[in-house]
Amino acid sequence: MKTTLETFEGFAPNSRAWVYQASRNLTDAEAAEVKQLASTFAADWKSHGAPLKAAADVLYNRFLVMMVDEDAGSASGCSIDSSVAQIRSIERKLNIDLFDRMSLAYLDSDGQLQTVHANKVSEAFEHGALNEQTTVFNNMVTSYSELQTNWRIPLVKSWAGSRIKVA
């Protein structure tokens, strides 16, 4: 299972990033297939006919990350739409949901990726599955620099931090 961002080394800090969280952990074979399909798309991704500097990777067997280096060319609305169509195609092919926005992904005390429904964050905190410093994934990042610095953050600094009562 890959957890590092080296696929995107050499991309400008302001590169646009999209993080798609799967509704379940992918097997190694599924993660490899998602990466292959998304990477093939990224290698051929164009905006108004011009090729984009783009890449894709699957991290933690749960997140598909797509990136476009906008210093090398901007992704247009139509090109972004085409990437979403590709992701929907991957979903259908593998029978997965890559637009899961209702689950908070986090690393448990053993470093294993877990999820909790957004409505259950407070309950998970009260029962000790989460604490203030639990690493959670902020999938709302929009750039490479944010991906590097604000994707894996403590619960208390995330959107879900407002759902817990810190003593």
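Predicted model: local features only at pLDDT ≥ 70, side-chain atom pairs only at ≥ 80, totals over all residues.
**Overall fold**

The protein has four helices and nine strands. Along the sequence they follow the pattern β-α-β-β-β-β-α-β-β-α-β-α-β. The chain counts 167 residues, and a compact globule of that length would have a radius of gyration near 15 Å. The protein has 16 Å, which agrees. Along the principal axes, the C-alpha trace spans about 55 × 30 × 25 Å.

Of the 167 residues, 48% count as buried. The exposed surface comes to about 8,300 Å². Carbon and sulfur atoms supply 49% of that area. Contacts across the sequence are well represented: among those with a separation of 6 or more, 65% are between residues 24 or more positions apart.

**The β1-β5-β4 sheet**

Strands of a sheet pair through backbone hydrogen bonds, either parallel or antiparallel. Here three strands form an open sheet in the order β1-β5-β4, and the pairing is antiparallel. β1 (16–21) and β4 (54–59) stand at the edges. Each has a single partner strand, so one side of each is left without a neighbour in the sheet. From one strand to the next, the twist averages 15 degrees.

β5 covers residues 63–68 and is joined to β4 by six bridges.

Helix α1 (residues 28–44) touches β4 and β5. The direction of α1 makes about 170 degrees with that of β4. Helix α2 (residues 77–94) touches β1 and β5. The direction of α2 makes about 25 degrees with that of β1.

**Aromatic pairs**

A pair of aromatic rings is described by the distance of the centres and the angle of the planes. A search of the whole structure finds eleven aromatic pairs. Two of them are set out here.

| Pair | Centre to centre | Angle between planes | Geometry |
|---|---|---|---|
| Tyrosine 20 and phenylalanine 99 | 5.2 Å | 75 degrees | edge-to-face |
| Tyrosine 60 and phenylalanine 137 | 5.0 Å | 70 degrees | edge-to-face |

Why does the pair of tyrosine 60 and phenylalanine 137 count as edge-to-face? The planes of the two rings stand at 70 degrees, and the cut-off for this class is over 60.

Each pair links distant parts of the chain. Tyrosine 60 sits in the loop between β4 and β5, while phenylalanine 137 belongs to strand β8 (residues 135–137). Here the separation is 77 residues. Both tyrosine 60 and phenylalanine 137 are buried.

Ring pairs also build a cluster. Its members are Tyr60, Phe63, Phe137 and Trp151.

Note on methods
Residues numbered from 1 in each chain as written. Heavy atoms only, no water. Pairing = 2+ DSSP bridges. Helix = DSSP H or I, 4+ residues; strand = E, 2+ residues; numbered from the N terminus. Axes fitted to C-alpha atoms, helices over the stretch in contact; angles between N-to-C directions. Contact = heavy atoms within 4.5 Å. Rg over C-alpha atoms; globule rule 2.2 N^0.38 Å. Buried < 20%, exposed > 50% of the residue type's maximum accessible area, 1.4 Å probe, protein only. Areas by Shrake-Rupley, 256 points an atom, 1.4 Å probe, with all protein chains shown as cover. Phe/Tyr/Trp six-rings, centres within 6.5 Å; stacked < 30°, edge-to-face > 60°.
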